[in-house]
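Hi,

Here is the structure I promised to send over. Have a look at it first, and then read on for what turned up.

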Amino acid sequence: MWTNQARIQRDIEELAKFNATPGQGLTRFSLTAEDRAARGYLRQEMHNCGLRVYEDAAGNLVGRREGEQADAPVVMIGSHFDSVKGGGNFDGPAGVSAALETARVLHERDIKTRFPIEVVAMIEEEGARFSASLYGSRAMAGLIDTAQLQERKDAAGISMYEALRQFGFNPDEIAAARRMPGSVKAFLELHIEQGPILEAEGLEVGIVQEIVGIHDMKIKINGRQGHAGTIPMHLRADALNAAAKMIVRIAELAVEEGEGTVATVGWLSVKPGGFNIIPGEVEFSVDIRSGKRQHVDNVSRRIGEALQEISSSTGVVAELSSLMNVPPVRMAESIVDRQLSICERLGLKHRLMQSGAGHDAMVMAGVAEVGLVFVPSLDGRSHCPEEWTDYAQLQKGVEVYLHTVLELAEAES
Ligand code: GLV
Ligand code: MN
Ligand code: MN
């Protein structure tokens with residue numbers, strides 16, 4: 001193999017140190033001290049293999065390697081380096097390491113490519129701090145403006161606009177992060193599967209054909225706050241009780257829609273929050289996913305209808321806001337075909353598959369041809385501290401990734 005397992009392992013282990021919750025999984029939110037420390041490591045690694053390092057206006061970290069042809073579009077490779085709260089060490093960093101390792105191999109073998117290559121470490125893919133999932137790639141696709149930066153706030157009420165400014169970026173220049181059509185030849189990502197399929201089937205590599213569509217929304221329920229002992233049940237407008245009915249209904253709607261449609265309420269806030277207070281305000285998230293846009297749209301519409309029914313029967317007022325709605329995306333057939341023949345050539349056991357997780361590649365599909373390589377996840381676990389992929393398995397995926405990049409960037413042999 002051309003790649004080096006020890007270097008990949010080192011990337012993952014070093015990045016895991018930049019963690020706000022040691023002992024309770026990995027928490028690395030965007031534009032925090034941990035984010036800054038991770039940038040320091042990545043910047044140095046990029047520098048060591050001859051990349052020219054810069055940060056774009058959105059806060060993505062990029063290392064560029066020139067190609068032989070002047071003004072040629074770039075082959076972009078990478079993944080995200082932020083994490084969920086209490087997550088694992090591999091979701092994101094595995095793909096950042098794959099891109100770094102690719103750049104190292106090109107450097108040490110002095111391989112020239114026709115097209116330039118940019119290694120990218122994307123920020124705020126998870127949306128864990130600002131509820132702005134896929135932010136780094138959406139900025140590259142020209143889908144983020146300053147109004148959205150002002151509007152998206154973290155749990156402490158700090159806007160993304162303010163956080164970017166405090167970190168040293170200029171949020172007024174966000175439009176400059178946009179990659180113009182034609183300027184990116186391809187975007188290639190490696191990621192852990194985050195599900196059980198590859199492991200269950202004894203396979204080494206997954207070649208993703210399609211990423212599901214995702215609709216993220218927030219629902220706010222305004223009830224009437226009051227004393228838990230004095231107000232009879234029939235005179236209440238209990239925001240949490242209404243939210244509970246709604247949450248049960250959301251899961252039912254996904255099941256009724258079928259064909260693998262999923263819907264999740266993963267976050268909820270109750271105000272003011274007390275044993276003896278009828279909740280006055282509840283907010284919760286909804287995440288709906290399917291390989292078919294129509295299923296996501298149907299569930300979204302039916303959630304709106306159910307919200308109206310439950311509001312009128314419980315006396316609360318509900319507001320629904322849409323945070324992100326990305327349709328299902330197919331990977332470029334030409335890249336999938338290349339990846340399949342590379343797996344054959346390397347003798348790796350592989351299959352085509354769908355991704356139920358969102359990835360920056362799905363947004364970059366609006367800008368360039370995209371490809372996504374999966375490696376197995378132990379017990380299918382992810383977004384938890386137990387998330388794990390054996391380094392030997394990860395390396396096999398990186399090898400497929402490297403050879404795909406060599407072909408796409410047209411390496412001189
Ligand atoms: C990212 O992990 C997502 O699928 O939401
Ligand atoms: Mn994730
Ligand atoms: Mn991820």
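Of the 413 residues in the protein chain, 54% are buried. Please keep in mind that this is a predicted model. The chain is built from twelve helices and 16 strands. Its radius of gyration is 22 Å, close to the 22 Å that the globule rule gives for this length, so the chain is as compact as a globular protein of 413 residues. The C-alpha trace spans about 80 × 45 × 40 Å along the principal axes. Among contacts with a separation of 6 or more, 78% are between residues 24 or more positions apart.

The manganese ion (ligand 3) has His-80 (NE2), Asp-91 (OD) and His-191 (NE2) as its protein donors, at 2.0 to 2.2 Å. Along the chain, these donors are spaced as H-x10-D-x99-H. His-80 belongs to strand 3 (residues 74-80) and His-191 to strand 5 (residues 184-192), so this pair ties together parts that lie 111 residues apart in sequence. Both of these histidines, His-80 and His-191, are buried.

What coordinates the other ion, the manganese ion (ligand 2)? Here the donors are Asp-91 (OD), Glu-126, which contributes two OE entries, and His-383 (NE2), at 2.0 to 2.7 Å. Their spacing along the chain reads D-x34-E-x256-H. Distant parts of the chain are linked here too: Glu-126 sits in the loop between strand 4 (117-122) and helix 4 (135-140), while His-383 is 257 residues away, in the loop between strand 16 (369-375) and helix 12 (391-408). Glu-126 counts as buried, with 14% relative accessibility, whereas His-383 is partly exposed at 43%.

The two manganese ions (ligand 2 and ligand 3) are 3.5 Å apart, and Asp-91 coordinates both of them.

One more thing, towards the start of the chain. The axes of helix 1 (residues 5-15) and helix 2 (residues 33-48) come within 10 Å and cross at roughly 155 degrees. An angle over 145 degrees counts as roughly antiparallel, so that is how helix 1 runs relative to helix 2. In this contact, Arg-10, Asp-11, Glu-14 and Leu-15 of helix 1 meet Ala-38, Tyr-41, Leu-42 and Glu-45 of helix 2. Sorted by type, the residues of the contact are four nonpolar and four charged, with no polar ones.

Happy to go through any of this together.

Best wishes

How values were computed: Residues numbered from 1 in each chain as written. Chains lettered and ligands numbered in written order. Predicted model: local features only at pLDDT ≥ 70, side-chain atom pairs only at ≥ 80, totals over all residues. Heavy atoms only, no water. Donors = N, O, S within 2.8 Å, 3.2 Å for Na, K, Ca; no water. Helix = DSSP H or I, 4+ residues; strand = E, 2+ residues; numbered from the N terminus. Buried < 20%, exposed > 50% of the residue type's maximum accessible area, 1.4 Å probe, protein only. Axes fitted to C-alpha atoms, helices over the stretch in contact; angles between N-to-C directions. Parallel < 35°, antiparallel > 145°, perpendicular 65-115°, else oblique. Contact = heavy atoms within 4.5 Å. Nonpolar A, V, L, I, M, F, W, Y, C, P; charged D, E, K, R; others polar. Rg over C-alpha atoms; globule rule 2.2 N^0.38 Å.
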